[in-house]
There are 2 protein chains.
Amino acid sequence: MTIYNFSAGPAVLPKAVLQQAQAELADWQGSGMSVMEMSHRGKEYMGIHAQAEADLRELMGIPANYKVLFLQGGAHLQFSMIPLNLLRGKASADYLNTGEWSKKAIGEAKKFGGVNVVADNKDKNCSYVPAFDTWKCDPNAAFLHYTPNETIGGVEFNWVPETGDVPLVADMSSNILSRVIDVSKFGLIYAGAQKNIGPAGLTLVIVRDDLIGQVPAGTPTMLDYKTHADNDSMYNTPPTFAIYMAGLVFQWLKKSGGIAAMEQTNILKANLLYAAIDSSNGFYNCPVNHADRSRMNVPFTLKDAALDSDFLKQADARGLLQLKGHRSVGGMRASIYNAMTVEGVQALVEFMGEFAKSHG
Amino acid sequence: MTIYNFSAGPAVLPKAVLQQAQAELADWQGSGMSVMEMSHRGKEYMGIHAQAEADLRELMGIPANYKVLFLQGGAHLQFSMIPLNLLRGKASADYLNTGEWSKKAIGEAKKFGGVNVVADNKDKNCSYVPAFDTWKCDPNAAFLHYTPNETIGGVEFNWVPETGDVPLVADMSSNILSRVIDVSKFGLIYAGAQKNIGPAGLTLVIVRDDLIGQVPAGTPTMLDYKTHADNDSMYNTPPTFAIYMAGLVFQWLKKSGGIAAMEQTNILKANLLYAAIDSSNGFYNCPVNHADRSRMNVPFTLKDAALDSDFLKQADARGLLQLKGHRSVGGMRASIYNAMTVEGVQALVEFMGEFAKSHG
């Protein structure tokens, strides 16, 4: 049986990547060593590390005045590192609140300085992106933080806020590499790896040079971007195998036509799934405002929640895995990241149609 | 050619572990998923995670009043987390300085409170363990930190300091699981995984319950042990694949007879190598005081440093890899962790003998 894994993260990886990793797991390219066994200061691993960064820079068109950092600790550690590094003596930062992940970022930021919430979407149960002209931005904010894709709520921006001189900071954990973006519009982009990049345990940070090196005294050395920027992410031992896996994903993306091609496939997959929901005569429902629906995380409910467990059991039996919605929202969620194939989405859509027919 | 990898870390892994990881890399036990693709909240990964902890507890005999935490950020992040969590309002902590890694811990601790260096070994180029009766301990210290094995200097404790009510904190990055220890003598034990545990990107912390939960206000949530202790190391997405690999290593240790058996093999390996050095009529020299020589990291120099590059080239050609000493001390270093076989050490000893003969 073919398995299709709709986990929100850690999530499905490209089959070709797993096959290559498996083939060379115990002996990387005739070195006699697993990548996991290599000194991070040795020429073999240094080559892997440098290639991963170079490929990412090419894929995303990262300008030369941005550093690419391979860190640990996930988005959660970034929730601290961002205010510690980017407040730069200013009193407060702007945060947009569009759901669970925004809320976590905001809660942590309050430990380090003032937080001005420019807008939220609580009036409609976090189901839309507030229009930019309603945001109450502070022109003196140290930065503006937002979550371009809310993994739990399934709300995604299809535009980039124009914040002028205020550096724009984006948690792209669940949509990085899924669509073309102009990195130069951002001060800092960060992403946990375990959705569109590679295995858990790696955090990507892309940060503009001028924002580095202004942490307050007493900041842990490991929480200062400068520590990592000055040492090519090798101040301490990096998560070498996770970076190697990310490098294989970057290579796969290049072979697949790059991010522009991936974006087209992602649009196709999302359209397929939302069409199945919208054409179900209310058997399925996606609560998210049409214009703001995520291409990556598709939450939906069944008209009759009593059918949820049946739906999940039958889906499982057909190899359609990890469709249960986040505990905070219930229902279902299909995460359809880059590595989810069109065939996987088609199989889900087909099952949803059959299930609706037999239970409608 | 058989490869023997003497890297100081990331380091050699047991062959059986790599083979199992390779076999199930793309499909873990018929789940249709790689471990890397599993939700950390799913039953498959939860089982792997719980088993790894249970096996470690069994191997080390960890008492019930200690938490086992699977973290990220390496020993370097612990250098901050330890004072942040363990100072508990006290003015200062005691630190022993026995070499490079002690120094790093001390440098970082000064950011968070007073540091009283109880003793050091600088008078003899960091080549010995200072006798306990020379330590100038503060009875009011928040804790005493030491480095039971200095990876760079090759200096290892064969005894445990008795610090009474002052919690003992040990950086066991390079000798954890290599010898039997009584965990109950310690307040906190920590170790980066990439030597005796598994791949880089995982940090193990074993901490006594009463030391958890007293960080100062403003501490990043991710740097508070309580955050992780209260959530079974799943407050955020853990480095799942690294924990899985560590679990395989723990299983391998159990099958190999546990830590007591491993310790006997480690003694044998170290004796072999030190005997080769000491019987070379000064062709090779280990600068470390005999009683304090590390079983894990064996630094040695050649009488004629002009032969260093020849030695390394010929060793490489025979599959004896990564023998170059740390840049701060020069010469050679053979790291012979748990996963290094007796055969590997024998091959090295044989080569060293031949090289000495042909260049003596």
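## A buried asparagine in chain B

Asn175(B) is buried, with a relative accessible area of 4%. Buried means under 20% relative accessible area, exposed means over 50%, and partly exposed lies in between (1.4 Å probe, protein chains only). Asn175(B) sits in the loop between strand 8 (168-171) and strand 9 (188-192) of chain B. Helices (H or I, at least four residues) and strands (E, at least two) are DSSP runs, numbered from the N terminus. Leaving aside residues up to four places away in sequence, Asn175(B) touches Pro148(B), Asn149(B), Glu156(B), Asn196(B) and Met296(B). Contact here means heavy atoms within 4.5 Å.

This is a predicted model, in which local features need pLDDT of at least 70 and side-chain atom pairs count only at pLDDT 80 or more, while totals for chains, interfaces and linings use all residues. Residues are numbered from 1 along each chain as its sequence is written, chains are lettered from A and ligands numbered from 1 in the order in which they are written, and side-chain values use heavy atoms, with hydrogens and water left out.

## Strand 9 of chain A

Strand 9 (residues 188-192) of chain A is largely enclosed by the rest of the structure, because five of its five residues are buried. Leu188(A), Tyr190(A) and Gly192(A) point one way from the strand. Ile189(A) and Ala191(A) point the other way.

Strand 9 of chain A has pairing partners. Two strands pair if DSSP finds at least two bridges between them. Strand 8 (residues 168-171) of chain A pairs with strand 9 of chain A in the parallel sense, over three bridges. There, Val169(A) stands opposite Leu188(A). Strand 10 (residues 203-208) of chain A pairs with strand 9 of chain A in the antiparallel sense, over five bridges. Leu204(A) in strand 10 is the bridge partner of Ala191(A).

## A three-stranded sheet

Chain A also holds an open sheet of three strands, in the order 11-12-14, with antiparallel pairing. Its edge strands are strand 11 (284-285) and strand 14 (332-335), each pairing on one side only. Four bridges join strand 12 (residues 297-302) of chain A to strand 14 of chain A. Phe300(A) stands opposite Met332(A) in strand 14 of chain A.

Helix 7 (residues 258-278) of chain A lies across strand 11, strand 12 and strand 14 of chain A. This helix runs at about 15 degrees to strand 12 of chain A. Axes are lines fitted to C-alpha atoms, for helices over the stretch in contact, and angles run from 0 to 180 degrees between N-to-C directions.

## Tyr284 in chain B

In chain B, Tyr284(B) lies in strand 11 (residues 284-285). Tyr284(B) counts as buried, at 3% relative accessibility. Its C-alpha atom is 5.6 Å from that of Thr301(B), 17 residues apart along the chain. Beyond residues up to four places away in sequence, the contacts of Tyr284(B) include Ala276(B), Phe300(B), Thr301(B), Phe311(B) and Met352(B).

## Where the chains meet

How many residues of chain A are in contact with chain B? The count is 55, in contact with 55 residues of chain B. The area buried between chain A and chain B is about 4,300 Å², and carbon and sulfur atoms give 59% of that area. Buried area is the accessible area (1.4 Å probe) that two parts lose on being put together, summed over both. Gln22(A), Met36(A) and Glu37(A) supply 15% of the area that chain A buries against chain B, more than any other three residues.

Between chain A and chain B there are 19 residue pairs in polar contact (both at pLDDT 80 or more). A polar contact is a pair of N or O atoms within 3.5 Å; within protein, one must be able to donate a hydrogen and the other to accept it, and residues adjacent in sequence count only if both atoms are side-chain atoms. Helix 3 of chain A gives the largest share of the side of chain A that touches chain B, five residues. Salt bridges between chain A and chain B number zero.

## Salt bridges

Over all chains the count is 26 salt bridges. A salt bridge is a side-chain nitrogen of Lys or Arg within 4 Å of a carboxyl oxygen of Asp or Glu. Glu53(A) and Arg57(A) form one of them (2.9 Å, N to O). Both lie in helix 2 (residues 43-60) of chain A, four residues apart, about one turn of the helix. Glu53(A) counts as buried, at 19% relative accessibility.

Glu354(A) and Arg318(A) also meet in a salt bridge (2.7 Å, N to O). Glu354(A) lies in helix 9 (residues 342-359) of chain A and Arg318(A) in the loop between helix 8 (308-317) and strand 13 (320-321), so the pair ties together parts that are 36 residues apart in sequence. Glu354(A) is partly exposed, with a relative accessible area of 37%.
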